[in-house]
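Dear colleague,

Please find below the structure that I am handing over to you, together with its sequence. My findings follow directly after it.

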Amino acid sequence: MNITEVLAKEFELRASQVEQTINLIDEGNTIPFIARYRKEATGGLSDVILRNLDERLTYLRNLDERKDEVIRLIYEQGRLTEELEAQIREAEVLQRVEDLYKPFKKKKATRASKAKEKGLEPLAQIIAAQEIENGLPEEIATDFVSAEKGVDDTSDALQGACDIIAEMISDDPEITAAIREKTRETGVLNTEASDPEEKTVYEMYYDHSEGISRIPNHRVLAINRGEKENKLKVKVLTDSEMMEALIGDSVIKNEKSVFTPLLRATIADAYKRLMAPSAEREMRNMLTERAEAEAVKVFARNTEKLLMVPPVKGARIISIDPGYRTGCKVAVLNETGKLLAYTTVYPTEPKNDIKGTEAVLKKLADKFRINTIVIGNGTASRETEEVVADFIRKSGLDISYTIVNEAGASVYSASKLATEEYPDLDVTVRGAMSLGRRLQDPLAELVKIPIKSIGVGQYQHDINQGLLENALDNVVEDCVNRVGVELNTASPSLLAHVAGINMGIARNIVAYREENGVFKERKELKKVSKLGEKTFNQCAGFIRISDGTNPLDGTSVHPESYSVAEAMFSKLGIHASDLQHGGIPDIDDRIWAAYGEEEKPKQLKTRAKGLAALADLAKKEEKPVRNMKKAVAKMAEELEVGVPTLTDIIAEMKKPGRDPREDTPPVVFRNDVKSFEDLKIDMELEGTVRNVVDFGAFVDIGVKNDGLVHISEMSDKYIRHPMDVVSVGDTVKVRIIKIDYEKQKIGLTMKL
């Protein structure tokens with residue numbers, strides 16, 4: 001198998017493009033680095049495509065290794081043929097390789113192996129050949145009766161021979177593949193209650209059947225959980241007669257054979273005893289793997305949206321972690337997240353000290369010039385929110401408040417990391433601080449906790465944890481490197497996600513910073529213990545130094561391209577110091593003045609579709625048109641650099657250190673609160689999407705419990721998945737269509 005050609009075909013890329021990408025991966029380069037700084041080699045492949053290609057590359061290499069191993073094992077048995085080797089080499093999936101290897105795989109003692117030990121394999125071959133059309137099977141089996149070998153009579157002989165044939169049928173790779181496919185197409189997943197009288201959340205599955213090919217992924221995971229908790233019994237149902245007929249088409253070669261009735265009985269036994277249980281296991285595994293893969297994808301996309309929520313600049317915060325008996329923990333933070341004060345208030349039961357709470361809030365707000373209050377969405381959140389909203393109305397202060405998802409805050413506050421960061425603070429104060437910082441910079445704060453604990457997943461604790469953690473690590477890495485990290489303020493947790501840097505090196509960076517003061521330039525990183533040239537090359541472009549000696553250190557321009565940027569500055573009459581004063585917004589005009597050649601509409605008419613509209617416009621206005629791509633290409637040639645790299649440098653010059661999170665929806669603030677009892681059917685509201693799952697989206701509309709917009713209520717048009725319509729953090733308009741006051745559940749629609 002030529003892996004490069006296979007990948008080029010699957011991803012619709014040039015073979016040279018794939019080959020260069022594979023070389024970069026094999027050299028140990030990280031995906032963020034390749035995506036950002038090796039565009040000439042990859043043809044500008046995104047980090048998403050690069051990760052998919054890397055994953056597929058690993059699979060194909062493992063497949064090739066398994067093929068070699070299987071061929072070796074069969075060869076050592078002296079049973080390898082040229083035809084079999086060719087079939088193994090041509091296999092495109094691991095399952096096919098295992099099917100071909102199955103007949104040669106060493107098994108534990110089986111009915112077939114015991115029959116072979118009794119010398120019944122020749123009889124099995126006679127029966128399987130189906131050449132005898134006269135006489136009785138028992139007559140032919142007489143020669144194989146042997147008390148010495150444990151074959152007492154012809155019935156024993158025939159049964160043993162049929163056991164051998166049954167195993168041959170179940171080991172046949174073509175028959176196995178056909179049964180697997182037919183089970184996938186026609187099989188039904190059936191569930192029933194372990195105890196029909198017990199009330200559980202799985203009642204909808206107490207008597208449920210659904211086609212394997214049609215069952216949604218979220219129902220597969222729900223059924224798996226119900227089975228694991230011993231609330232459900234699950235089995236795969238198939239049409240056995242159809243399956244036996246399918247096998248018979250391959251096995252029965254001569255209907256006139258005296259062994260045909262015996263073979264049909266053997267086929268039924270092979271399917272029921274050997275193939276059906278195996279197919280059921282494969283179907284359950286296939287469904288689970290498919291559902292887990294989708295759940296991981298959903299979690300990853302939700303996580304990305306949450307991590308990329310824009311930071312709230314200039315927020316001076318009172319952060320409240322609500323509670324009942326032990327009170328609400330309060331932390332006061334300045335604009336940079338520094339802890340200014342902390343205390344505890346008791347606005348909720350059993351103390352209900354609302355006046356005392358309002359007095360504390362007023363004092364803190366006045367003293368520290370607070371403009372924002374953050375409230376965690378956990379226990380007692382609803383009651384605390386009412387007190388805060390009432391306080392804001394009474395005080396007349398210019399303060400807004402927002403609800404922050406506190407999932408994982410307790411995990412962080414009690415962690416070793418939090419203890420190392422704030423050894424003198426109580427865990428509850430750490431938790432309140434974390435909530436406030438989640439508003440100020442979600443990415444920097446959320447990387448401190450296990451990402452699967454942030455509450456935007458679906459059955460995340462039920463799925464393959466290795467698969468989930470790998471996917472989430474990739475998402476965090478991509479987000480951190482997309483945004484960039486301020487070297488002189490970043491925590492070890494944030495630095496550890498920068499391309500090429502692990503936690504050990506991240507701690508060394510912070511230790512160096514504490515001992516030697518702030519970094520003045522990127523190349524100073526090379527003085528950090530265990531941070532060598534290769535690591536520097538991977539991480540340097542994603543590290544920012546805003547007030548360093550070299551203005552380029554505050555941009556995403558990689559040090560390897562500084563000479564290009566400086567040469568460009570020289571040719572365009574730009575000073576590097578301009579980058580520290582808002583960038584160079586007129587850089588396109590400068591490039592055009594130096595390298596541009598105006599083109600008339602006629603020249604542009606034959607160019608790509610993207611320029612066609614420009615050409616028409618120019619023709620109407622009778623003005624020449626700028627061809628900036630040509631100008632940039634001309635400059636790139638002169639500077640001896642690739643066009644993609646130069647294009648990125650130019651974009652960075654316009655707005656140095658630009659935060660991509662600026663493009664995402666801002667945080668929604670409130671100054672009032674609604675109670676559950678205020679809600680009415682047909683009420684229209686604005687809310688924030690908190691989580692997206694396979695069957696819909698949960699939306700915060702200002703009451704304690706989020707409302708559910710089912711996928712069927714998202715659009716009048718068919719949508720494949722809720723993520724095609726909404727993402728975590730989106731602000732959406734909804735209408736209430738269902739209210740369950742007893743269960744505190746709200747049904748919403750986006751069909752307004």
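The charged end of K351 is placed over the ring of Y346, at 4.0 Å from the ring centre. A second case involves K526, which lies over the face of F536 at 4.7 Å from the centre of that ring. A charge is taken to sit over a ring if NZ of Lys or CZ of Arg is within 6 Å of the ring centre and within 35 degrees of the ring normal.

Please note that this is a predicted model, in which local features need pLDDT of at least 70 and side-chain atom pairs count only at pLDDT 80 or more, while totals for chains, interfaces and linings use all residues. Residues are numbered from 1 along each chain as its sequence is written, and side-chain values use heavy atoms, with hydrogens and water left out.

Overall composition

The protein has 31 helices and 15 strands; both are DSSP runs numbered from the N terminus, with helices being H or I of at least four residues and strands E of at least two. Its C-alpha atoms fill a box of roughly 105 × 75 × 60 Å along the principal axes. Of the 752 residues, 48% count as buried, where buried means under 20% relative accessible area, exposed over 50% and partly exposed in between, with a 1.4 Å probe and protein chains only. Among contacts (heavy atoms within 4.5 Å) with a separation of 6 or more, residues 24 or more positions apart account for 66%.

Aromatic pairs

A pair of aromatic rings is described by the distance of the centres and the angle of the planes. Rings of Phe, Tyr and Trp (its six-membered ring) pair if their centres lie within 6.5 Å; planes under 30 degrees apart count as stacked, over 60 as edge-to-face and the rest as tilted. The search of the whole structure gives four aromatic pairs. One of them joins F33 and Y37, whose ring centres are 5.8 Å apart with planes at 45 degrees, so this pair is tilted. Both residues belong to helix α3 (residues 31-37), where they are four residues apart, about one turn of the helix. F33 and Y37 are both buried, and together with F542 they form one aromatic cluster.

Another pair is F695 with F698: the centres are 6.3 Å apart and the planes stand at 85 degrees, so the arrangement is edge-to-face. F695 is partly exposed at 23% relative accessibility, and F698 is partly exposed at 26%.

The open sheet

Three strands form an open sheet in the order β2-β1-β3, with antiparallel pairing; two strands pair if DSSP finds at least two bridges between them. The edge strands are β2 (207-211) and β3, each of which pairs on one side only. Neighbouring strands of the sheet are turned by 20 degrees against each other on average, direction ignored. Strand β1 (residues 188-193) is joined to β3 by six bridges, with L189 partnered by V236. Five bridges join β1 to β2, and N190 stands opposite S209 in β2.

In a regular strand the side chains alternate between the two faces of the sheet. Strand β3 (residues 232-237) has a covered face made of L232, V234 and V236, and an uncovered one made of K233, K235 and L237. Helix α15 (residues 260-307) lies across β1 and β3, at about 115 degrees to β3; axes are lines fitted to C-alpha atoms, for helices over the stretch in contact, and angles run from 0 to 180 degrees between N-to-C directions.

The barrel

A closed barrel of five strands runs β11-β12-β13-β15-β14, with mixed pairing. The twist from one strand to the next averages 50 degrees.

With a disulfide defined as a pair of cysteine sulfur atoms within 2.5 Å, the count comes to zero. The sulfur of C539 is 19 Å from the closest cysteine sulfur, that of C479, which is too far for a bond. C539 is buried at a relative accessible area of 0%, and C328 is likewise buried at 0%.

Finally, A631 is located in helix α30 (residues 628-639) and is buried, with a relative accessible area of 1%. Leaving aside neighbours within four places in sequence, A631 is in contact with I591, W592, Y595 and G596.

Yours sincerely
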